[in-house]
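The structure is displayed first.

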Amino acid sequence: MKIVALSGSIVGSKTRTAMDYTVKLLSEKYPSHKVTLIDLADYDIQFSDGRNYLEYEGDTGYVTKTIMEADAIIIGTPIFQASIPATLKNIFDLLPVNAFRDKVVSMLATAGSSKHFLILENQLKPILGYMKAQIVQSYVFIEQEDFQRKEIVNHDVLFRIERLVDDTVVLTETYQRIREEEDAKYDF
Amino acid sequence: MAGRASRVGNFELLGYSLRDYEDLFEEKFDLLVNINENEVVNWEGKYRAPLRNARVLPRPQDGSMPIWRAVGGTPASARKAGYAGVPMYLAHLGGPATIFKRSIDAYRDALESSGYNPAEFPVSTAGFFYTAETTQQAQRETYPHINEGMKRTNGQGFPKQHFAQGADPRDVMNIGSPQEVIEKILYQHELFGHQRYIAQMDFGGVTFDKLKRNIDTIGSEVLPAIRKYTKK
């Protein structure tokens with residue numbers, strides 16, 4: 001199974017910190033799965049101009065192709081101005097409309113205020129649903145006070161990240177199995 | 001047949017900007033129609049040098065030739081073919097034939113509102129075609145190619161669930177036994193009232209032997225049956 005951990009912002013450190021925990025846990029608990037961390041801060045991504053994702057070159061091409069090859073994607077995002085950052089939205093715009101068909105997508109958010117808790121529910125989930133993702137319904141919401149010098153100090157958050165990782169893997173395996181069973185019913 | 005680009009490589013190759021995607025096509029198409037209709041062309045546009053009393057050679061054999069506007073996707077692009085007053089070529093992958101009827105209706109509607117007589121403008125459809133002894137065999141032989149072809153051109157395969165529905169007589173995908181394909185084409189003809197159908201067979205690496213066998217089937221079984229119904 002190929003899993004992409006996508007850190008959706010080019011500024012700040014909290015989302016990346018949380019994604020580092022997530023990737024570490026994934027690699028420890030599921031060493032047979034291939035995990036790729038994509039931190040958008042490490043890449044120079046162009047804005048979507050509507051072309052097919054295969055036709056982007058350089059960093060943009062690498063990121064779109066890596067995401068499209070994944071079986072599961074864990075999206076980590078900060079909340080900016082009561083929404084997801086433009087850098088993350090651009091990734092969605094770079095991909096085909098049904099890019100997440102046959103993929104499981106789960107979410108983690110870091111935010112400066114508890115008032116942002118429903119942003120993922122109301123803004124990110126509809127995008128993922130439109131793009132045909134199988135969504136892990138529970139997401140991890142992490143606040144400023146849960147971090148201390150680039151470490152997560154709230155044990156509850158760590159537990160929730162672990163559950164997110166488990167749910168993502170279990171759901172991906174389950175959907176894969178269902179799909180294989182369904183596909184095997186056809187004689188072509 | 002002229003259609004809008006679905007790949008960006010051409011723009012780089014010819015030095016155009018992708019931002020001018022729509023404008024470029026409209027201008028080039030307009031010029032092509034102009035050249036087709038007039039032996040001497042006086043023309044001015046945004047994206048190339050103007051033409052003054054230009055003769056473009058060679059000329060079509062009978063004075064002018066039909067230039068089809070290639071359309072896919074939404075009825076909105078079919079409408080544009082109607083406004084331009086040119087024959088329309090409609091590409092389809094799969095799905096109920098009635099969905100594609102909407103585009104054909106939109107095209108004829110646009111023709112009429114631009115002052116043309118829809119009866120004078122032919123419509124062509126084009127989509128997957130493959131026959132084998134049974135529909136199951138036809139699906140078995142063609143699915144791997146279509147799936148692989150879609151992966152290579154668009155990056156995503158063809159879902160089996162959708163492909164399986166393609167066997168339904170109401171689906172526009174002409175893959176099946178010769179008899180089922182004949183019935184589908186006739187049903188589509190009844191629905192669309194089109195003048196031409198282009199069978200797309202050579203996709204995703206179908207072997208030459210199988211293509212030859214299909215061309216043979218078209219000549220020996222499919223066409224004679226269709227003509228029995230369509231000849232006036």
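The paragraphs below treat the chain contact, the nonpolar cores, an annotated span and the domains.

The model is predicted: local features need pLDDT of at least 70, side-chain atom pairs count only at pLDDT 80 or more, and totals for chains, interfaces and linings use all residues. Residues are numbered from 1 along each chain as its sequence is written, while chains are lettered from A and ligands numbered from 1 in the order in which they are written.

**Contact between the chains.** Chain A and chain B meet through 12 residues of chain A and 12 residues of chain B, where contact requires C-beta atoms, placed from the backbone, within 7 Å. The side of chain A that touches chain B is made up of six nonpolar, one polar and five charged residues. In this classification Ala, Val, Leu, Ile, Met, Phe, Trp, Tyr, Cys and Pro are nonpolar, Asp, Glu, Lys and Arg are charged, and the others, Gly among them, are polar.

**Nonpolar cores.** A nonpolar core is a set of buried Ala, Val, Leu, Ile, Met, Phe, Trp, Tyr and Cys residues joined through C-beta atoms within 7 Å; buried means that 20 or more other C-beta atoms lie within 10 Å of the residue's own, with C-beta atoms placed from the backbone. The largest core has 50 residues, of which Ile73(A) and Ala109(A) touch the most other members. Its main contributor is strand E4 (residues 104-111) of chain A, with six residues; strands (E, at least two residues) and helices (H or I, at least four) are DSSP runs numbered from the N terminus. Beyond its neighbours within four places in sequence, Ile73(A) contacts Val4(A), Leu6(A), Ile67(A), Lys103(A) and Val105(A). A second, separate core of 30 residues includes Leu90(B), Phe129(B), Tyr130(B) and Ala138(B).

| Property of chain B | Value |
|---|---|
| Secondary structure | eight helices and seven strands |
| C-alpha box along the principal axes | roughly 60 × 45 × 30 Å |
| Buried share of the 232 residues | 25% |
| Share of contacts with a separation of 6 or more that join residues 24 or more positions apart | 61% |

Chain B is divided into domain 1 (1-65) and domain 2 (68-230), with bounds from an automatic or database domain assignment. Their C-alpha centres lie 27 Å apart. Five residues of domain 1 of chain B contact six residues of domain 2 of chain B, and the domain 1 side has four nonpolar, one polar and no charged residues.

How values were computed:
Contact = placed C-beta atoms within 7 Å. Buried ≥ 20, exposed ≤ 12 C-beta atoms within 10 Å, placed from the backbone.
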